Amino acid sequence: MEPFTILSSRTVVLPGANIDTDQIIPARFLTTTTRSGLGEHLFADWRYLPDGTPRSDFVLNSPRARGCRILVAGRNFGCGSSREHAPWALADYGFRALISTELADIFSSNCLKNGLLPVTVDEPTSAWLIAHPGAEVTLDLTAGTLTLPTGRAVSFPLEAFARRCLLQGVDELGYLLERRHEIEAYERRA
Amino acid sequence: MARAPQTLFDKVWRAHEVSGESADAPAVLYIDLHLIHEVTSPQAFAVLRERGLTVRRPERTLATMDHSTPTLTAQVFGGTPIALDAARRQVRELEVNCAEFGVELLGLTHGQRGIVHIIGPELGLTQPGKTIVCGDSHTSTHGAVGALAFGIGTTEVGHVLATQCLLQRKPRTLAVNVSGELRAGVTAKDLILTIIGRLGVSGGTGHVIEYRGDTIRALDMDERMTVCNMSIEAGARAGMIGPDETTYRYLEGRPRSPRGAAWERALEAWRALPTDALARFDREVELDAAAVEPMITYGTNPGMVIPIGGTIPQRCGDAAFTQALTYMGLAPGQPIRDQPVNVVFLGSCTNARLSDLRSAAGLLRGRRIAPGLRMLVVPGSQQVKREAEAEGLDRVFLEAGAEWRESGCSMCLGMNGDVVGRGEYSVSTSNRNFEGRQGSGARTLLASPLTAAACAVRGRVTDPRELM
C-alpha cells in the first residue's frame, strides 16, 4: 500500500446524501475475481447511457474532473452493501481521499484497507466544499488537517491505528499475524 | 465487587476479546464462525496465496454460493451451463479455493445450499453468544439468535481466514424497544421498515442495535431474522435479540446444534447472555407496535418508506429526494396505493424462509396473479424449497402463475441473470430499493411477503388487508 502523507488536489463533488455502494459499483460488475480494473465501471449507471456512451451531464465525464483525486460527497456516502469493490473502483479510478459529513461504517473501514483516506468534516465545511466544486484543497494526514483554498485549516478525526497504517503504507494483516501467540492463548482459554 | 450490569452485546464482545482496545490500537476480536461466498472471497484467497498463508481454522469456516448463482433448475443441476460466464468462473473459483485451503463448501448442487444468511441458522451453526462474520452486509441477520454478527469487506475476509481475528473498535449500543401487538396483516417486515423510517438510513451508524420489548419477544425466529437482517439499512452493522425459549426451541435438534451434554452446557451459557436488568445503552428508541401499518418504500433507499395507505411526501429543496422520485417516476402528494406493478419478487435473505412463503401462499391460494405481471418465488435455501414443496406451496405459486426457482439471492441484486427491466416497477420482499439494485433502471418498492402477494394479485400496490 502506498503511504499517505500529504495530498493536494482539486475536488470532484457529488452532493447528494446516501449515495450507496450499488451506485459506486453496480452488482453486475461484482463477478470479477480480481481487485483491478473496476475504475472504468465506477458509478456506471450514472456515468454511461444504456448504450455505453458517457453521459455529458455527469460530473466525472466533465474535463474538469480529470486528474482530481479527492471526492466530496453528501452525507452517509457508501451506505449499503459491504462490497469492497466500491473502494477498489474509487481507487482504481484515481481517487485517494473522500470527504463527507458522515461515511458508512463498513465502507469507511474498507477504504482504509485500500489506501483511500475517509475524511469526515462538519456541516459548514462540507457545505463550503459542495458550493465550490473543483477547489484545490490539501489533506495533511500527519497534521490531521484539511486546508481550504481560503487558507482555513480544519482538523479531521481518524482512528489512531488506521492513521498509522496509512502513514506508513502498511496493512493490518501483518499486525494481526504478529499477535499469533495471543490468539493461541485465547483459543486455549476459550 | 458486584459485576456492573452488561448488555447482551457487551457480554459477547468481552468474551471474544483476544486483547482489548487502547488509544493506540483497536481490540483484537476472535471470530467463532466465518461464512464465505463466491463474490467477496476470491480476492481474499488470492492474498493468502501471495503471502503463503493458510486458513487458520478451516473448521470455523463454511462456504456456500448464492449471489451470482443461477436459480433456474437446469443451470443449477446441469443440463445447461450457467448462462453468465463471469458467474460460472466465480463459482468454479470458490470450488478450487475451498478444495485447496480445506474449507467445507456447500456447493451448487448440495442439498443444504442456500442464501448464506438462511443456511447458518437453519443448520444450527448460528448460535447465541457467537461472533459471526461474512463478506456481506446482511450478516446482521444472525444476530436474531443473540450472536454478534456483522458484515466485513474482502480484506477483512482475508484477515479472518488467516488469523480467525479482526481488528475492531467497540461500537456504541442502541436499544430499540418495541411494545404492543402487531395488528392483523402487519408483519415483522413492516416493523423493521417502520424502525428504519424512524431512525433514518444512517441513524444506526456506529451502533449495534438490540431489539427489545414484548413485541420482539412474541416474534418467532424467522420474524426475528427479518428484523435483524435490515439493521444495516439503518446504518447499524449489527442487530441483536436476546436469546430465549423461542431461540432454544428453534435451535434444538438442528444438524449442527450441540447435542446431549453439550446441548445442556450450551443452554446454561446462553441463559446468561441476555442484557442485565440495569444495563445502560448509549441510546434508546421507543416504538408502539400497535401503530405499525403495512409499509412500502417509494424512493431509492429503505428509509423512504410510508404506510401503504399513505401519500408520497414533499421535501422542498432536497435535490437527492427529487432525484429519487424522478428515478422512481413518482410524484410528491401521490398515493402509493394503486401504483401499477410489473414484477413481484418473493425471496432474499430478508424474506425467503418457510414462514414467508407460507404467508404469501396463504393469500395467493385459489387466486391468480394479474395478467402480464411476472412473479418470481425464490426459496432462501434448498431446505426451505423441500419443506415448501412438502406442504404443496410450490403448487400454490405455480397455479397462481408465478415461477418457482432454486434457492439463491436472485432478483435481490441483479448479478445472476434474474433482473427487473429498465423502468419496470417491482414489489420486492428484499432489503434494498437502491437505484439499479434489481437491474439497471429497475424501480423497487420494498414490502412484506403478504403485501407482495396482494400486489401480485391486483397488479397494483394493494393493502393486503383488502384481500385477507
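Two residues are said to be in contact if their C-beta atoms, placed from the backbone, lie within 7 Å. The structure described here is a predicted model, and with that meaning of contact in mind, 45 residues of chain A are in contact with 55 residues of chain B.

**Where the chains meet**

On the side of chain A that touches chain B, at least two residues each are supplied by α1 (21-24), α4 (105-112), α6 (160-168), α7 (172-178) and α8 (180-189) of chain A. Sorted by class, that side of chain A has 17 nonpolar, 13 polar and 15 charged residues.

Chain A has eight helices and seven strands. Its radius of gyration is 18 Å, close to the 16 Å that the globule rule gives for 190 residues, so chain A is as compact as a globular protein of that length. In chain B there are 16 helices and 19 strands, and the radius of gyration of chain B, 21 Å, agrees with the value near 23 Å that a compact globule of 468 residues would have. The table sets out some overall values for each chain.

| Chain | Box filled by the C-alpha atoms, along the principal axes | Source |
|---|---|---|
| Chain A | roughly 60 × 45 × 25 Å | C-alpha atoms of chain A |
| Chain B | roughly 60 × 55 × 50 Å | C-alpha atoms of chain B |

Buried residues make up 44% of the 190 residues in chain A, while in chain B 59% of the 468 residues count as buried. For chain B, among contacts between residues at least 6 apart in sequence, 75% join residues at least 24 apart.

**The domains of chain B**

Chain B is divided into domain 1 (8-168), domain 2 (172-242 + 269-290) and domain 3 (295-466). Taken over C-alpha atoms, the centres of domain 2 of chain B and domain 3 of chain B are separated by 23 Å, and the contact between these domains takes 18 residues from domain 2 of chain B and 18 residues from domain 3 of chain B. On the side of domain 2 of chain B that touches domain 3 of chain B, the elements that give two or more residues are α7 (188-199) and α9 (221-229) of chain B. Of the elements on that side, α7(B) gives the most, with six residues. By class, that side of domain 2 of chain B has six nonpolar, seven polar and five charged residues.

**Helix α4 of chain B and its surroundings**

Helix α4 (residues 85-101) of chain B has 17 residues, and from its first C-alpha to its last it reaches 24 Å, which is close to the 24 Å expected at 1.5 Å a residue. Which residues of α4(B) are buried? They are B:A87, B:Q90, B:L94, B:N97 and B:C98. Seen down the axis of α4(B), these buried residues fall within an arc of 95°, so they line one face of the helix. On the other side of α4(B), B:D85, B:V96 and B:A99 are exposed.

The buried residues of α4(B) pack against α2 (42-51), β4 (61-64) and β5 (104-106) of chain B. In α2(B), the buried residues are B:P42, B:Q43, B:A44 and B:F45, and what covers them includes α4 and α6 (154-163) of chain B.

**A proline in domain 3 of chain B**

B:P307 has its place in strand β14 (residues 305-307) of chain B. Why does B:P307 count as buried? A residue is buried if 20 or more other C-beta atoms lie within 10 Å of its own, and B:P307 counts as buried because it has 20 C-beta neighbours inside 10 Å. Leaving aside its neighbours within four places in sequence, B:P307 is in contact with B:E293, B:P294 and B:M295. B:P307 and B:D463 are 156 residues apart in sequence, and from C-alpha to C-alpha they are 9.4 Å apart in space.

Methods
Residues are numbered from 1 along each chain as its sequence is written. Chains are lettered from A and ligands numbered from 1 in the order in which they are written. This is a predicted model: local features need pLDDT of at least 70, side-chain atom pairs count only at pLDDT 80 or more; totals for chains, interfaces and linings use all residues. Domain bounds come from an automatic or database domain assignment. Helices (H or I, at least four residues) and strands (E, at least two) are DSSP runs, numbered from the N terminus. Ala, Val, Leu, Ile, Met, Phe, Trp, Tyr, Cys and Pro count as nonpolar, Asp, Glu, Lys and Arg as charged, and the others, Gly among them, as polar. The expected span of a helix is 1.5 Å times one less than its number of residues. A residue is buried if 20 or more other C-beta atoms lie within 10 Å of its own, exposed if 12 or fewer, and partly exposed in between; C-beta atoms are placed from the backbone. The arc is that of the directions from the helix axis to the C-beta atoms. The radius of gyration is taken over C-alpha atoms; the globule rule is 2.2 Å times the number of residues to the power 0.38.
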